[in-house]
Amino acid sequence: MAMVDVRNVTKVYRKDAEELVVLNGLSLQVEEGDYAALMGPSGSGKSTLLNLIAGIDKPTSGDVMVAGTNVAALGETELASFRSHNVGFIFQFYNLIPVLNATENVELPLLLTHLSKAQRRERALTALKVVGLADRATHYPRQLSGGQEQRVAIARAIVTDPKVLVADEPTGDLDARSATEILELMETLNRDFQKTIVMVTHDPRAAHKARTQYHLDKGVLTS
Amino acid sequence: MKYLPYLLKHLRRNWIRTTSTVLAMAICIFLFCTVQSVLAAVATMLEASSAKRLVTRHSVSLVFDLPLAYAARIQSVPGVKRVAINSWFGGTLPAKKEGKAEAGSDATTDWSNFFNNMAVEAEPFLAMYPEFRIPPDQLQAFMQDQRGALIGRKLADKFGWKPGESFHLESFISEYRKSDGPFEFVVRGVFDIDPAYPATDTNVLYFHYKYLYEGLGRRVQAGTFWVETFDPAQAGTVSKAIDALFENSDAQTRTETEKAFAAGFISMAGNLALLLNGIGLAVTFTILIVTANTMSMAVRERRTEIAVLKTLGFSSRQVMGLVVAEAMLLGVLGGALGVGGSRAIMWVLSNSPGLKDILAGIGFSGLTVPPLVAALGFGVALLLGFMAGFVPALGAYRARITDMLRTV
């Protein structure tokens, strides 16, 4: 069974009387354990597709099945719960909370669980270990490099052990060396931890690391 | 509770803004609690007034005395049960008695121990006060001694005075000063209060008006006449009848209930309470706007973080709750500081040498922030926090993740 099954999805943005069709009857399947890269020019709809898969936006029509659930049919609260259990999101600009240190940032999604403080702390430290930042556990985002910040963000994305990781240009704000490290880490998560990854990228080098590549243009898949 | 460290960290993010908002709220709550505590003290004082007792004074001002002959004419008014002279003596303890005068100093008055003392026609006056509990032997001793003083329990405890002890009082009112030195008094009785009248003050001294009258060469008149009526319902009619008696005389009178007299005496008429409450309301509203602005700025600055929280799985309701909780935390801090500050100022007023006696002298002994006022103050702070946080929180609730991430 496909981990992500996008069926005939259309997304239309309306501004006043004007309609902008961003996704036009798009269908896509990502198998469990796959590592898929979505590529395409700006405005092709790849980030919109990623948002639909992550459950942070809803399609105008069509179904988006993720881990067996049609996220398009869920209400706001159910969707939030779905995200917390099934999806880990990696942002281009890391989006760590500046007043929280690395451990606290990673711990944030665990506040929604029934884990005790000690259990939350233990899991956060484990996630930091996985991304190789155990020694930066008490550092604040301002004390970390861009690559390190992104690794903390990845630790935050995996700490709840989600089924799907979605990444929106995870190397877009990094230098080449840090980008390579992040891509290697994502490969490890896919290979060793069997995480299904859907990544949006402009970078052919990053896309090359993925097992499957999809190209979008004007809201439809071209390959 | 697991979100508390998260909220506290956010408040520390911009500590100058947080501190100024908390201080603004604390000042608001401080004002609220202090004003309400003073009003509560006034209300307590007024509660001690009996509806059966009226006070007749000079219509122009309390400063002017009334002829002694008025007593008999007031007594003749239908509905009047008894009349008693009650003159505020304004006596203070000479410093030499307290051992505070330095050698060679001209200072003879100890202002730091000021208290209320009144020259009264003892028999009718005490008959008007079912509130007082006086041991019969002490009452008899007081009635038989012209220099005798009847003192309240608080005053007795304060100075450690016991029946038989003597002391001197000198009035700061020139007409009540003797050329041969201060008046000497002997404590003849210590009165307590009937538990049914807890608001009655015992930080007061009564002595015989006759002692004052004769000590000053029979030249003084009456400060006020206290009138007891047979029926409280007739207070208005009797008051009018008394004032009508002296309408065409040189010294016109103004008769009012003891409660109205007390309220007027301490300048705490309803208008002042209205004014103080109005000021409090204006300050509270201002602080509401300040806090709401702070919270709006905080939410605006954190649009990305709110989007991140929602992406991580926090529901809109939870995010809204966090914003409101943060605003209410400001309220908790401001409220605690404000209530604490008010309690501190009340303590200072009630315990500072000099200040406390001046306040006790006008009936404000043991000023404190009543628990109900403290709870109300804290409640107002929480409500302010909630109201200030609600609108920004609603914005966070409604905001869509993709919109917030797009505007970064």
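How many of the 223 residues of chain A count as buried? The share is 51%. Good morning, everyone, and let me start there, with the reminder that we are looking at a predicted model.

Chain A has seven helices and 10 strands. If you take the contacts in this chain between residues at least 6 apart in sequence, 69% of them link residues at least 24 apart.

Strand 1, residues 2-15, and strand 2, residues 18-31, of chain A run antiparallel and are joined by 10 bridges. One pairing to look for is Lys11(A), whose bridge partner in strand 2 is Leu23(A).

Chain A has an open sheet of six strands, and reading across you get the order 6-7-8-3-9-10, with mixed pairing. Strand 6 (87-90) and strand 10 (220-221) of chain A are at the edges with a single partner strand each, so each has one side without a neighbour in the sheet. Further in, strand 3, residues 35-39, runs parallel to strand 8, residues 196-200, and four bridges join this pair in chain A. There you can find Ala37(A) opposite Met199(A) of strand 8.

Tyr94(A) is in the loop between strand 6 and helix 3 (102-107) of chain A, and its phi is near 65°, a positive value in a residue other than glycine. Gln194(A), in the loop between helix 6 (176-192) and strand 8 of chain A, also is not a glycine and has a positive phi of about 55°.

Now, which is buried and which is exposed? Tyr94(A) has 23 other C-beta atoms within 10 Å, so Tyr94(A) is buried. Gln194(A) has 10 C-beta neighbours inside 10 Å and therefore counts as exposed.

On to the partner chain. Here 19 residues of chain A are in contact with 18 residues of chain B. On the chain A side, the largest share, six residues, comes from helix 2, residues 76-86. By residue type, that side of chain A divides into 10 nonpolar, five polar and four charged.

Strand 6, residues 132-133, pairs with strand 9 of chain B in the antiparallel sense over two bridges, with Phe132(B) opposite Ile193(B). Strand 7, residues 148-152, pairs with strand 9 of chain B in the parallel sense over five bridges; there, Gly152(B) has Phe191(B) as its bridge partner. Strand 8 of chain B, residues 166-171, is antiparallel to strand 9 over four bridges, and Phe167(B) stands opposite Phe185(B).

Last stop, a pair of helices in chain B. The axes of helix 13, residues 316-351, and helix 15, residues 371-398, come within 7 Å and cross at roughly 150°. An angle over 145 degrees counts as roughly antiparallel, and therefore helix 13 and helix 15 of chain B are roughly antiparallel to each other. Helix 13 passes helix 15 of chain B in a right-handed crossing. The residues of their contact divide into 22 nonpolar, eight polar and two charged.

Note on methods. Residues numbered from 1 in each chain as written. Chains lettered and ligands numbered in written order. Predicted model: local features only at pLDDT ≥ 70, side-chain atom pairs only at ≥ 80, totals over all residues. Axes fitted to C-alpha atoms, helices over the stretch in contact; angles between N-to-C directions. Parallel < 35°, antiparallel > 145°, perpendicular 65-115°, else oblique. Left-handed = near helix turned anticlockwise from the far one by under 90°. Nonpolar A, V, L, I, M, F, W, Y, C, P; charged D, E, K, R; others polar. Pairing = 2+ DSSP bridges. Contact = placed C-beta atoms within 7 Å. Buried ≥ 20, exposed ≤ 12 C-beta atoms within 10 Å, placed from the backbone.
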